[in-house]
Amino acid sequence: MTIQQLKDEYEILGEIGSGGMATVLKARQKSLDRLVAIKQLKKSYHADAQIIKRFERESQVAASLQHENIVHIYDFWKRPNFAIVMEYVDGTDLAEILEKTGPLPVDVGIMIAIQVCNALDYAHMRGLVHRDIKPSNIMIKRNGEVKLMDFGIAHTRHMDALTMPGTLIGTPAYMSPEQILGQPLDIRSDLFSFGIVLYEMFTGVKPFTDEETRGVSAKIVKDEFLSPRRVNRDIPRALQRIIKKCLRKKPHRRFASMPDLERKLGKRLAGRTTKPASLLRIADYLVSRNVFEAAPEQETMIITGNRSGLGRRMKWAITAVSAILVASAGAAYYYRTMINHPAEPLLVLPEQSKPAPAVSAPTATTPVTAPSVTPASQATATPPPAPQAFAAPQTASSPTVVRKSRLPAAKKSTVPVKKKKPTAGSR
Ligand SMILES: Nc1ncnc2c1ncn2[C@@H]1O[C@H](COP(=O)(O)OP(=O)(O)OP(=O)(O)O)[C@@H](O)[C@H]1O
Ligand SMILES: [Mg+2]
């Protein structure tokens with residue numbers, strides 16, 4: 001792509017952040033009128049063949065994955081500079097959230113963790129090991145959805161290792177012992193790294209720390225860590241056991257797969273939440289801790305019944321009023337029909353020959369609707385259906401509450417610039 005083509009197609013809105021290898025920009029793709037994130041390889045790496053290969057592969061590997069919890073890749077360019085164009089995630093990364101809020105409440109942490117488990121299981125089922133699981137690669141959208149990113153050093157059974165012998169790639173503080181030792185890796189390495197993320201999510205600190213990167217790696221390989229409950233007494237014992245199992249030095253002593261871990265985590269929430277309710281809980285928590293701004297009131301829209309007594313009373317009141325209106329209309333029509341056409345049969349409509357107008361299904365924007373038009377076929381054969389207040393279409397997965405305001409805030413033209421300070425062992 002030439003610079004002119006790039007300018008014609010993308011309007012750069014600002015810098016979002018910057019990591020070890022790349023700078024991430026927010027932009028608007030004009031032809032599709034959508035927000036995108038453009039991850040540009042830093043100039044200093046343009047001559048490094050290995051980094052370029054890794055960057056190109058990040059786009060190829062991630063582009064082959066289609067999962068709701070994995071960031072979507074749209075494009076890759078080599079010119080004017082190396083860049084990956086991807087879905088813009090309207091939210092913030094877990095590293096920043098933990099920095100701002102400290103340890104997460106148990107339920108919120110588990111709800112986030114389960115989404116990461118789903119994304120990783122999807123990748124693992126395709127023979128991919130992520131190898132760089134860490135909080136800054138886990139983004140949380142304003143609506144509570146989790147997006148896993150940066151498959152840059154992901155490794156498949158079918159690809160040659162990018163790493164030169166003796167070269168470590170990954171982020172030291174989150175590496176598994178086998179990764180540090182340069183041994184063969186499988187999905188259980190991601191389980192260990194995710195164990196470190198879980199530890200950090202619920203305690204607010206990392207299990208292995210040292211001034212020096214080398215010291216962190218040595219501790220991961222040899223040392224024990226402080227039990228999570230000794231850092232945070234609010235952590236339930238069962239959750240502590242789960243975290244400890246992820247962090248076993250020997251891969252065969254960890255969980256065997258992401259679904260195994262997810263099942264254990266999910267037990268704490270079993271039967272107590274649904275997916276939409278979980279997303280809402282995550283989003284509300286992040287608003288309550290000022291990670292995100294509160295949704296403007298007028299953009300909040302309730303589309304189905306409310307569980308409170310007030311909601312139920314309101315529903316009954318609306319049902320009753322609707323029933324009275326339908327009954328009055330029926331009586332008025334009957335009265336008019338009998339007065340004007342006393343000899344006509346009762347249930348024949350005056351415009352019977354015209355096709356019956358369709359009943360419009362209730363939509364999200366018309367939450368409280370009694371059918372406004374009764375089809376002639378029903379009117380002649382059966383009594384009019386009872387008004388269905390709060391009858392928004394429902395499926396097992398449909399939300400009970402939809403917040404429009406959680407949709408991407410596409411109007412913002414500037415974004416805060418986030419530069420990360422590299423700390424020992426954090427990259
Ligand atoms: N698609 C995206 N949408 C919105 N923000 C993003 C997107 N991709 C990255 N970011 C933001 O940009 C920051 C920098 O990302 P980047 O992947 O370059 O660095 P990193 O993850 O911090 O470090 P590393 O280079 O080790 O991956 C991320 O932490 C995230 O906050
Ligand atoms: Mg990253």
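Colleague: Which residue of S9 stands opposite Met 139?

Modeller: Lys 147 in S9 stands opposite Met 139, while Ile 138 stands opposite Leu 148 of S9. This is a predicted model, in which local features need pLDDT of at least 70, side-chain atom pairs count only at pLDDT 80 or more, and totals for chains, interfaces and linings use all residues. Residues are numbered from 1 along each chain as its sequence is written, whereas chains are lettered from A and ligands numbered from 1 in the order in which they are written.

Colleague: How do you know that S8 is joined to strand S9?

Modeller: Two strands, which are DSSP runs of E with at least two residues, numbered from the N terminus, pair if DSSP finds at least two bridges between them. Three bridges join S8 to S9 (residues 146-148), running antiparallel, so these strands meet the requirement for a pair. S8 and S9 also form a hairpin with four residues between them, and Gly 144 in the turn has a positive phi of about 90°. On its other pairing, S8 is joined by three bridges to S6 (residues 91-93), again antiparallel, with Asp 93 opposite Met 139.

Colleague: Why do S6 and S9 stand at the edges?

Modeller: The three strands form an open sheet in the order S6-S8-S9. S6 and S9 each have a single partner strand, so one side of each is left without a neighbour in the sheet. Neighbouring strands are turned by 25° against each other on average, direction ignored.

Colleague: What makes both faces of S8 count as covered?

Modeller: A residue is buried if 20 or more other C-beta atoms, placed from the backbone, lie within 10 Å of its own, exposed if 12 or fewer do, and partly exposed in between. In S8 (residues 138-141), Ile 138 and Ile 140 on one side and Met 139 and Lys 141 on the other are all buried, so by this count both faces are covered.

Colleague: Why are the buried residues of H9 said to line one face of the helix?

Modeller: In H9 (residues 237-246), a helix being a DSSP run of H or I with at least four residues, the buried residues include Leu 239, Ile 242, Ile 243 and Cys 246. Seen down the axis of H9, these fall within an arc of 95°, so they line one face; the arc is that of the directions from the helix axis to the C-beta atoms. Arg 237, Ala 238 and Arg 241 are exposed on the face turned away from that buried side.

Colleague: Which residues touch the most other members of the largest nonpolar core?

Modeller: Such a core is a set of buried Ala, Val, Leu, Ile, Met, Phe, Trp, Tyr and Cys residues joined through C-beta atoms within 7 Å. The largest one has 82 residues, of which Val 116, Leu 198, Cys 246 and Ile 282 touch the most other members. Its largest share, eleven residues, comes from H4.

Colleague: What does Val 116 touch?

Modeller: Residues are in contact if their C-beta atoms, placed from the backbone, lie within 7 Å. Leaving aside residues up to four places away in sequence, Val 116 touches Ile 138, Val 146, Leu 148 and Phe 194.

Key
Contact = placed C-beta atoms within 7 Å. Axes fitted to C-alpha atoms, helices over the stretch in contact; angles between N-to-C directions.
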